[in-house]
Amino acid sequence: MPIHPENRKRYPPDWKLRRRFVCFVRARGRCEWCGAEHGQPHPLTGSRVVLTTAHIFDHRPEAAGLLNLAALCQRCHNRHDAPMRAANRRKRAKP
């Protein structure tokens, strides 16, 4: 997921290094939840897999400890974030 410009300063200065470590060293280029391989067709969707780094337990950008991060394919990342995005939409819709 791209970092929104207004949140960029909330991420640690070494974010790119952490992201690369999680995706390509720890996860060895595969989604940690479904095993889809970066750059290859996704086994379920057929779309090209691009690994992303997801905040699992604490969604705040400042919570960038390695135990809170996971290398996920787009499908797993979107499914993980869907409840949070729906709750945010509901909050914004209330008058």
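Predicted model: local features only at pLDDT ≥ 70, side-chain atom pairs only at ≥ 80, totals over all residues.

Residues are numbered from 1 along each chain as its sequence is written, and side-chain values use heavy atoms, with hydrogens and water left out.

Q: Why is the contact of Arg-10 with Glu-62 called a salt bridge?
A: The term requires a side-chain nitrogen of Lys or Arg within 4 Å of a carboxyl oxygen of Asp or Glu. The closest N and O atoms of Arg-10 and Glu-62 are 2.7 Å apart. So the pair qualifies as a salt bridge. Side chains of opposite charge can pair when their charged atoms come close.

Q: Which parts does the pair of Arg-10 and Glu-62 tie together?
A: Arg-10 lies in the segment before helix 1 (15-26), and Glu-62 is in the loop between strand 1 (52-55) and strand 2 (69-72). The tied parts are therefore 52 residues apart in sequence. Helices (H or I, at least four residues) and strands (E, at least two) are DSSP runs, numbered from the N terminus.

Q: What makes Arg-10 partly exposed?
A: Buried means under 20% relative accessible area, exposed over 50%, and partly exposed in between (1.4 Å probe, protein chains only). Arg-10 has 35%, so the residue is partly exposed. Glu-62, at 40%, also counts as partly exposed.

Q: How many salt bridges does a search of the whole structure find?
A: Five. Among them is Glu-32 with Arg-26, with closest N and O atoms 3.1 Å apart. Another is Asp-58 with Arg-60, at 2.7 Å.

Q: How do you know whether Asp-58 is buried or partly exposed?
A: Its relative accessibility is 25%, so Asp-58 counts as partly exposed. Its partner Arg-60 is partly exposed at 44%.

Q: What makes Arg-28 exposed?
A: Its relative accessible area is 72%, so Arg-28 passes the exposed cut-off. Arg-28 sits in the loop between helix 1 and strand 1. It has a positive phi of about 55° although it is not a glycine.

Q: Why are strand 1 and strand 2 called paired?
A: Pairing needs at least two bridges found by DSSP between two strands. Four bridges join strand 1 to strand 2, so the two strands pair. They run antiparallel. Ala-54 stands opposite Ala-70 in strand 2.

Q: How do you know that both faces of strand 2 are covered?
A: Leu-69 and Ala-71 on one side are buried, as are Ala-70 and Leu-72 on the other. In a regular strand the side chains alternate between the two faces of the sheet.

Q: What makes a set of residues a nonpolar core, and how many residues has the largest one here?
A: The members must be buried Ala, Val, Leu, Ile, Met, Phe, Trp, Tyr and Cys residues joined through side-chain atoms within 4.5 Å. The largest such core has 18 residues. Cys-31, Leu-72 and Cys-73 have the most contacts inside it. Helix 1 and strand 2 are the elements that give two or more residues to this core. Strand 2 provides the largest share, four residues.

Q: Which residues does Leu-72 touch?
A: Contact means heavy atoms within 4.5 Å. Leu-72 touches residues including Cys-31, Trp-33, Val-50, Ala-54 and His-77, not counting residues up to four places away in sequence.
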